[in-house]
Amino acid sequence: MIWLILALVAWLGGWALNAWLAQRGEVRAVRIAVPVIFGLTLLVIWEGLVRGFGVSPVILPAPSTVAQTFAASTDILWIDFQQTVIKGALRGFAIGAIAAFAAAIAIDRSKFLTRGLLPIGNFVAALPIVGIAPIMVNWFGFDWQSKAAVVVVMVFFPILVNTVQGLNEASAMQRDLMRTYAAGYWQTLFRLRLPAAMPFIFNGLKIATTLALIGAIVAEYFGSPTRGMGFRISTGVGSLSIDLVWAEIAVAALAGTALYGIVAWIEKRVTFWHPSQRR
Amino acid sequence: MKSLLPVLTVLAVIVGIWYLAVAPMNVRVALDQAERGGAVVMPEGSVPRRDVSVWRLMLDNAEHVSVGYALERPRLPTPAQVGQELWKTTGEMVAKGRPWSKRGLLYHGWITLQSTLWGFALGTALGIVGAVAIVYSRTAQLSLMPWAIISQTIPIVALAPMIIVLSSQVGIEGRGVPKAIISAYLCFFPVLVGMVKGLRAPQPAQLDLLRTYNATGLQSFLRLRLPASVPYLFTSLKVGIAAALVGTIVGELPTGAISGLGARILIGDQFGTPLAIWSALFAAAVLAGALVTLLDVIQRLTLQRMGMAT
């Protein structure tokens, strides 16, 4: 009972604190503090509800239990992280991004190809491509190569479509200016069109970060060496070590957020001139 | 219409490459089968062949390459094989008068469609409610918006098995509800972002005008903000329904479901029938295309009725 009351108090207190902070105006500290307090409040409520209702740890462990498991099994988590994120997701992400980028630049020289590929690319980007995971595992074996292959296919089309769209972003006026400078194709590409395309390219990259992790984890459900986050999650659910599963989920969440954050940070450095980055 | 010819050309090129790729992908299996049939194959036995490159094999056994185009369990089926399998599991079933047979894709597509639509409805509702809260409350904006973004960077597939375990422990029978929750999770974000943009689309002058009419907050919401957000809503609904379908199939993949397109993929993997996997994949693609097209038509009709067509 005391835990339920605590959860309720945390909910009201957190919200009141946030409401009060939100009135303080557009300070940087407030913009960070409010979502952090909101997240902490949710954790306290989760803890309170699990303890208050006496939920079995086999069904839903409390955040404190998950944190203990996390701290106790960092070595397993690190091995899985290496296998899934660094070997599978990041390599696939890099190969897919470079391939899509090269393809976009190649396509871009032909109006005909652009018009033909954009609708198809847009369509394919909306498809449930994760379904190819079993095929890739069949083709490339159980280790990280098959995971990377799934990731390559998944990230290829969003990045391709966004890059092609971005390359058309420079206005006719700007292109004419480059022509008056007697700039050639490559000069125009590097000095004008690629920089102008950067916001679009980064948009595609950001979408792709999440897809990369999804692809790498799902592919592990279809066969993997005895390590990896997807492997640990599917076996963990079977053997009822749910707290370890939640620790893996926490790692996945942290890795996803960190990847996204890194891409967003690079975007900020590269497209500092864009209106959306201005203060 | 202008881009019809380029699209068809590109499609033809893709199909052409696909046909070419079938030969090297299937040559090993094809040679195994030809050898079992009594034919003489250049390096004899499948074990020695493993060290020979596929190109070498194709050159030495040119007359057996065609076997690879008609395998029962190919590594890479031809487009025609996939088409036949699709027809066999949909059209033929209808012709036989058993359109809802559990061996047909119509039944599995219907299961997937149901979960997708439930998830889509749930996700859209959550997205719209969240957007309204964010537009009207600064506290909600500051607390919810960063978490909405973070929620999308969390790979949902990691959570999918947990959602299924949890909902079965809570006493929810079947897979419909957890699948719908997963697809709602993927679907709510585009709707939320689109609706926040849409509800903020009216200019201050327009909001001020309504204030001079002495309109209440509710009235200005219903008469101005909501109609102004409709074009944004439809754009994000199209993204959302595609995401919802992805979510449903992800929900069906790792969890031992027995019905649904994702389950067909899983079962095809377990029983080693690649044609079943490929036909389920294409059925999912057709379903996604149909759903997005349907929303596109509704969008056009609605915007025309509202006088907002562009």
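This briefing walks through chain A, its contact with chain B, and two helices found at that meeting place. Please keep in mind that the model is predicted. Chain A is built from 11 helices and zero strands, and its contact with chain B takes 48 residues from chain A and 44 residues from chain B.

**Chain A as a whole**
- Reading from the N terminus, the elements of chain A run α-α-α-α-α-α-α-α-α-α-α.
- The C-alpha trace of chain A spans about 75 × 55 × 30 Å along its principal axes.
- Of the 279 residues in chain A, 42% count as buried.
- If you look at contacts in chain A between residues at least 6 apart in sequence, 76% of them join residues at least 24 apart.

**Where the chains meet**
- The contact draws 48 residues from chain A and 44 residues from chain B.
- On the side of chain A that touches chain B, at least two residues each come from helix 1 (2-22), helix 2 (28-52), helix 5 (111-125), helix 6 (133-140), helix 9, helix 10 and helix 11.
- Sorted by class, this side of chain A has 35 nonpolar, 10 polar and three charged residues.

**Helix 10 of chain A**
- Seven of the 10 residues of helix 10 are buried, so this helix is largely enclosed by the rest of the structure.
- Those buried residues are A:Met229, A:Gly230, A:Phe231, A:Arg232, A:Ile233, A:Ser234 and A:Gly236.
- Their cover includes helix 4 (74-108), helix 9 and helix 11 of chain A, together with helix 8 of chain B.
- After helix 10 of chain A comes A:Leu240, which has a positive phi, near 60°.

**Helix 8 of chain B**
- How far apart should the ends of helix 8 (residues 156-170) of chain B be? At 1.5 Å a residue, its 15 residues should span 21 Å, and the end C-alpha atoms are 20 Å apart, which agrees.
- Buried residues in helix 8 of chain B are B:Ile156, B:Val157, B:Ala158, B:Leu159, B:Ala160, B:Pro161, B:Met162, B:Ile164 and B:Val165.
- These buried residues pack against both chains: helix 9 (185-221), helix 10 (229-238) and helix 11 (242-270) of chain A, and helix 9 (176-199) and helix 11 (217-252) of chain B.
- Just after helix 8 of chain B, B:Gly171 takes a positive phi of about 105°.

Methods:
Residues are numbered from 1 along each chain as its sequence is written. Chains are lettered from A and ligands numbered from 1 in the order in which they are written. This is a predicted model: local features need pLDDT of at least 70, side-chain atom pairs count only at pLDDT 80 or more; totals for chains, interfaces and linings use all residues. Helices (H or I, at least four residues) and strands (E, at least two) are DSSP runs, numbered from the N terminus. The expected span of a helix is 1.5 Å times one less than its number of residues. A residue is buried if 20 or more other C-beta atoms lie within 10 Å of its own, exposed if 12 or fewer, and partly exposed in between; C-beta atoms are placed from the backbone. Two residues are in contact if their C-beta atoms, placed from the backbone, lie within 7 Å. Ala, Val, Leu, Ile, Met, Phe, Trp, Tyr, Cys and Pro count as nonpolar, Asp, Glu, Lys and Arg as charged, and the others, Gly among them, as polar.
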